Amino acid sequence: MAVAEGAEPISLKEAERPRSTPIADAWRLFRRNKASLVALGTIITIVFIAITASLWTRLGLLDARTGVDAMHTINPVNQAQQDSYPDPGVCARDNQDRNPYWCGWLSGDALASVQDTYCFRDEPVADQRQWCYLLGGDSQGKDWLTQTVYGAQVSLSVGFLGATMSLIVGLIYGVTAGFYGGRIDNLMMRIVDFMYGIPYLVLVILLQVFFTEIAREYQDQERGGVVGFVLDLNKDMGGLLFLFIALGSLSWIGMARLARGQVLSYREKEFVEAARAVGASNRRIIFVHLLPNIMGPLIVSETLAIPGYIFTEAFLSFIGLGVQPGTPSWGAMISEVRTRGGFFSNRHILLVPSIALVMTTLAFNFLGDGLRDALDPRLRGT
Amino acid sequence: MSQAMPSAQTLPQRADGKERRVLVEVTDLKKHFPIRSGILIQREVAAVKAVDGVSFQIFQGETLGLVGESGCGKSTTGRTILQLYRPTSGSVKFEGQEISTLKGEELRKMRRKMQMVFQDPYASLNPRMSVGRIVAEPLVVHNIGNRKERDERVAELLELVGLNPYFVNRYPHEFSGGQRQRIGLARSLALNPSFIVADEPISALDVSIQAQVVNLLQRLQNELGLTYLFIAHDLSMVRHLCDRVAVMYLGKIVEIAESEELYTNPLHPYTQALLSAVPVPDPVVEERRQRIILKGDVPSPINPPKGCNFNTRCPVAVDVCYDQDPELVEVLPDHWVACHRVI
């Protein structure tokens, strides 16, 4: 008689049915939220396009990323140079006259009506380079679609890296404070309180100004040592390294508070005490018992913070303190409206990067919402 | 191992002459939780005297019940014995060895021999771990056996507590309260302990399940020769389960006696009041049952009254009670009371 009184008999068949693990449960809950499923699909698509952007360039579907290769003769075919922005759908020649590809589709009256505006009367020499602006372009002849796709690389890496960095730093800081408690906790949290008093955007701008100044100072000097290495690295990353440092300088404090609170709420749970009672080490308690339980809300909060990082990057690039000039970025693209005729005559200048920005941030917000349903079920519907 | 030498004191004779071996000996145990104040530099402004000088012995193979109202320090006593809280002062000896000063690896080894069962079956199992991992955790922590041996041991333990070994891959949320409590019990048995502190293991369960778990505890005690410290506030369950019962009030033990003796002949006014609150399942007796209603509330453990802790509510307090703290004395064989009025 090994089975205790009153234990429910369980048939083997029932016991063998596939069990639900916490991850499977989370996925089941996540799937219920249709908006977040769409958002997840959107994000995967955007990430895929951004990662494979150079492939599209090689295939000729996108223009080159930056530099002279990305710029074409601005004046569209036959068009008088009223303003310097190629409209969406317009093709440009590269110092050579050439009809847009669709001129061949037209015939008779149709051709006559667009002649002299878009198409030449005589078919120009074939085999000349030209570029068609699907979503228009800017005054320098950069293709706006290409810039948007490459700008996604910047925005996504800022979003993901900013979130990851703030999660890691905040998690280590908050878990240390919450777990060890007492004096350590008190001191660490006072530091966080102090940092909360610093205006975020002002600090980020000041840091960017500081980095720019340093870069300028070292411009003409023989580079070497750590500073030279960091400056070179930053240049290779198109200015993103300093942006990460500036963004990460304060973004972790909210995460640290959240992580600490989570640890405090789980630290006194009986299962943690049970682990102590069997002699588990602090390391084991943190990594096996606390982290898996507190990660859910932290990931949700970090996902919901990603739009913030993307916006901050766009803002900094807009005011010219973000990525280096020439690096494609949605913020820098939007700032193009400040040039003459950018706002009223050429809506695509503003609309294309803005729509990309809004779509991405909305997708992350909905994703965060779905993740909250899945990972933090107590907060559902809030 | 000179500490482990049995002395006359650690081998008291039972009333009926049978020899008993002391497994756990607690002497003048105190646990004060400091209250700190200040923004950066914190000073200790006061202390919650959760356990304030408790002494008792637990004999091999017996069940000692620890009863008292909420906040009297029962759970703290249990946790301090297991060194989950380090005592402020006093000594805890396990098999004659002082454990309140043990640290690190020595303490970890000691933990194999004493385990805990928790009150809330919903909070005592990690929701992110499968049952197999939960039960195997003590084995993993103490590096016992390889994977296969652990799996076998887990299956054996689950069977021992009346659960199907096929449950290993399930997660705690798939179980009822009673089943979860069995899982917790299996975990605490994994290291073959000889002493288990059961901290209100049944108070979170409904009555029909309570009986199952209590029967399981008794069966395990018989099969494995376990010793229990059973913390509870359900007095009739304590009477059913425990060999001896200790009554706590405001961080101190006021009375300790054999179970039947305590229930039939309570001597301390607090014990009398406590027992008078137990309903009797007999309408005739119940009709005549005289309830002793204590006036007032339990004083704050931050600032306990001078003299006897119970003097603020005691119906029979005299001058000496407001002046001197009564000692726990053996007034009858194996019946210890801390009251000036009983001697």
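In this predicted model, the axes of helix H6 (144–180) and helix H7 (residues 182–196) of chain A come within 7 Å and cross at roughly 145 degrees, the axes being lines fitted to C-alpha atoms over the stretch in contact, with angles from 0 to 180 degrees between N-to-C directions. Helices here are DSSP runs (H or I, at least four residues) and strands likewise (E, at least two), numbered from the N terminus. On the H6(A) side, the residues that meet H7(A) include A:Tyr173 and A:Tyr180, and their partners include A:Ile184 and A:Met188, where contact means heavy atoms within 4.5 Å. The residues of this contact divide into eight nonpolar, three polar and one charged.

H6(A) also supplies at least two residues to the lining of the largest pocket, as does strand E1 (22–37) of chain B. A pocket is an open set of points on a 1 Å grid over the protein atoms alone, where a 1.4 Å probe fits, with protein on both sides within 12 Å along at least five of seven lines, and lining residues have an atom within 4 Å of a point; a volume is the space filled by probe spheres set on the points.

| Largest | about 940 Å³ | 28 residues |

The lining of the second largest pocket takes five residues from H8(A), which gives the most.

Residues are numbered from 1 along each chain, and chains are lettered from A in the order written. Local features need pLDDT of at least 70, side-chain atom pairs count only at pLDDT 80 or more, totals for chains, interfaces and linings use all residues, and side-chain values use heavy atoms, without hydrogens and water.

How values were computed. Nonpolar A, V, L, I, M, F, W, Y, C, P; charged D, E, K, R; others polar.
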